[in-house]
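Keep the 3D view open as you read.

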Amino acid sequence: MPWTQVCCCYDGSFPGFLSCVFESYVHKEEPVEFRTPEDLSCSLYPQRTIQTHPAHAQRVYRSLEGKLGREGRELFVRGFLTCLPEKELWLWRFLRMGYDRGPSFTRNLTDPTVDTVRRAVQHLNSEAHQYKGFTRFSELHGILVGEIEPKNRVLPLLRPHFRGRYPGENLVLHDRTHHEALFSRPREWAILPVEDFHPGPPGEEELQYRKLWRSFYDTIAIEGRYNPKCRMTHMPKRYWAMMTEFQKDWDTALPELPDASSPQKGPLV
Amino acid sequence: MELLDKLNILADAAKYDAACTSSGLDRSGRPGTVGSTMMAGCCHSFSADGRCISLLKVLFTNYCVYDCQYCVNRRSNDLPRAAFTPRELCELTMGFYRRNYIEGLFLSSAVIQNPDYTTEQMIETLRLLREEYRFGGYIHAKAIPGANPLLTYRLGLLADRLSVNIELPSAQSLSLLAPDKKKWAILAPMGQIRDGISVSKQERRLCRHAPRFAPAGQSTQMIVGATGESDRHILSLTQGLYDKYQLKRVFYSAYMPVSTSPLLPAPQGFQPPLLREHRLYQADWLLRFYHFRAEEILDEGQPDLDLRMDPKCCWALRHLEFFPVEVNRADYEALLRVPGIGVRSARRILTARRVGPLTFEGLKRLGVVLKRAQYFLTCSGRPLRGLHVTEDGLLRHLLALEAPATLSQEPVQLSLFDSAG
Ligand code: SF4
């Protein structure tokens, strides 16, 4: 007997999503839509509101490596961080394939589901790699503060990198797109939702370093090889807004953003 | 002099160096230090010329006692001179590194007083950076030919990568244009560095605490287009350098008209050979990742790379008997010989065909770009449907694909300046 098709409403978190998987298997229901509190559109399918249940989520999570294999698990977990439209649905199908066929299914690179998830994760990985280079920090009151505007949720991937790079520093990295930030200091870290992000003004030394960097950036290019197209290919314009070398106003706390809508308030950090 | 002015002078003096990669070594940060390195390297920005900026690339000083004709910093050139102090350079590196502007430092220098003195200044800078500032990021240092081997050795204990520039592709050109430099004086430190690296590797196998010597390997660079060597000559030199000196990379830099010396191309109207440089990098990739040998790419009958087409396509056209390659049976090596199939595509094909036979549709889904490859492949014995071309037609098709790059007067996209290494 085919499973009943339902629409799963959950809180948008990863444990929440795993809880949906759990409930679906228990009740033999096939989610064909997922809803989070952010999207309000209604569904034609019977709605199931799924409470996030840590123990259920744990059980699903522990099953992943056996059913999907190491690689499959990584694709599944990372897939949840991507900006793939209807990512839950793709990941649900991906998971079903693994449960049905075992870990070797990830090698089937021409299968539409495997391919879609792989591509989305590839996009996430390469965006994270680019941000390892293109992120800029400012030193504000002894804390390194940076801001990014990624398409995918790259903070969990950037965390080990920046913590390894700056073992002794206190740092804050704000993701403007997803309204969350990484807060990190030696031996502790957290990724938390952030409503307003208003770092304090930069000091003398910070301004001096920005000036030095900008000057270096301009000097190091060879005029006889001027090639803006090539620069754009490697470093698309969407990254520029947050990069010190393209910053016009030297006095802002962080590189000036194109649509800084909310008024500046007191320092956050 | 202000630090800003020094930085401008000494970055300007260093910008003609092609290498700016930070690859070849994974080292995670340790408590009490600042910095880590990544195997793949990391580009932190791209300058207006489209080149990757990974390292703070500066000279320690541009005061030079030598007079190499092709170099902006030659003694006889009238231009502003400056020198960092070791501490200034450390502060700058740390300040940039903490803000994530850079992956590390690329320290080179003109020859101030003599090679030994120059190297001592560089050692002092790097020692300070590693020991006092506890810097664990990437350091690429240039060894100065003619310096005492013991000093070069100490430099290699502090740096991750060492390089000695071969400068020009032949000894004759070198003696003509860089009378102060001798071929043996360049090759001697190269050999020393190679041996230092392999000894250090062996020792570290026996004892984890043995010192690391240039763990990210050695590279070099040469100027093309200043002198008359053929591409064939350059590629066999490159092959020799990879074989004999186990270099990680050879960089080519198109000569920029920085001198009015009668020994060099006249600067008026001189077009730096950017497309040729691009083709050389492509050929270099064939040597490093595609298991080609220099003598396969060019021979006496054809001493120079065809600027109209990439070297792999050229090879394929001269070896049509090798094709078509059958996607579902060919081994890795054969797949790599197909124009348009890169290392990544070849690997994906090997993985995917274990599940079932591949079709052209399937290849597309794998992300294999068929523009060039379609002419050279069959899937289960069949060529792409509707594809019939004569040998002549094939040449025209392939040329058309390259047309945007070769017809325009603008330099082609030099996408090979990545951090792979
Ligand atoms: S020794 Fe180096 S810096 Fe001095 S002139 Fe020759 S190439 Fe230039």
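In this predicted model, the centres of domain 1 and domain 2 of chain B, taken over C-alpha atoms, lie 41 Å apart. The domain assignment places domain 1 of chain B at residues 3-216 and domain 2 of chain B at residues 311-406.

Chain A is divided as well, into domain 1 (4-126) and domain 2 (135-246). Here the two centres, again taken over C-alpha atoms, are separated by 32 Å. Seven residues of domain 1 of chain A and six residues of domain 2 of chain A make up the contact. Together these two domains of chain A bury about 660 Å² between them, and 60% of that area is on carbon and sulfur atoms. On the side of domain 1 of chain A that touches domain 2 of chain A, helix α4 (residues 112-134) of chain A gives the largest share, with three residues. By class, that side of domain 1 of chain A has three nonpolar residues, three polar residues and one charged residue.

What about polar links between the two domains of chain A? Three residue pairs, both members at pLDDT 80 or more, are in polar contact across the interface of domain 1 of chain A and domain 2 of chain A. The count of salt bridges between these domains of chain A is zero.

Now turn to the place where the two chains meet. Chain B brings 66 residues to the contact and chain A brings 55 residues. Between them, chain B and chain A bury about 5200 Å², with 58% of it on carbon and sulfur atoms. Which three residues supply more of the area that chain B buries against chain A than any other three? They are B:Arg98, B:Arg99 and B:Tyr101, and their share comes to 15%.

Charged pairs also span this interface. Side chains of opposite charge can pair when their charged atoms come close. Between chain B and chain A there are six salt bridges. B:Arg98 takes part in a salt bridge with A:Glu139, where the closest N and O atoms are 2.3 Å apart. Polar contacts between chain B and chain A amount to 30 residue pairs, with both residues at pLDDT 80 or more. Several elements of chain B give two or more residues to the side that touches chain A, including α1 (3-12), β3 (55-59), α2 (86-98) and α8 (274-289). Sorted by class, that side of chain B holds 33 nonpolar, 17 polar and 16 charged residues.

Over all chains, the salt bridges number 40. One of them is formed by A:Glu245 and A:Arg136, at 2.8 Å from N to O. A:Glu245 sits in the segment after α7 (228-234) of chain A and A:Arg136 in the loop between α4 and β4 (137-140) of chain A, so this pair ties together parts that are 109 residues apart in sequence.

Next, look for a covalent link between side chains. How many disulfides does a search of the whole structure find over all chains? The search finds one. This disulfide joins B:Cys43 to B:Cys52, with 2.4 Å from S to S. The link of B:Cys43 and B:Cys52 is left-handed, with -115° about the S-S bond.

In chain B, the peptide bond from B:Phe323 to B:Pro324 is cis, and its omega is near -5°. You will find B:Pro324 in the loop between α10 (311-318) and β9 (325-326) of chain B. In chain A, look at A:His141, a residue other than glycine with a positive phi, near 50°. A:His141 belongs to the loop between β4 and β5 (143-148) of chain A.

Definitions and conventions. Residues numbered from 1 in each chain as written. Chains lettered and ligands numbered in written order. Predicted model: local features only at pLDDT ≥ 70, side-chain atom pairs only at ≥ 80, totals over all residues. Heavy atoms only, no water. Domains from an automatic or database assignment. Contact = heavy atoms within 4.5 Å. Buried area = accessible area lost by both parts, 1.4 Å probe. Salt bridge = Lys/Arg side-chain N within 4 Å of Asp/Glu carboxyl O. Polar contact = N/O pair within 3.5 Å; in protein donor to acceptor, adjacent residues only side chain to side chain. Helix = DSSP H or I, 4+ residues; strand = E, 2+ residues; numbered from the N terminus. Nonpolar A, V, L, I, M, F, W, Y, C, P; charged D, E, K, R; others polar. Disulfide = S-S within 2.5 Å.
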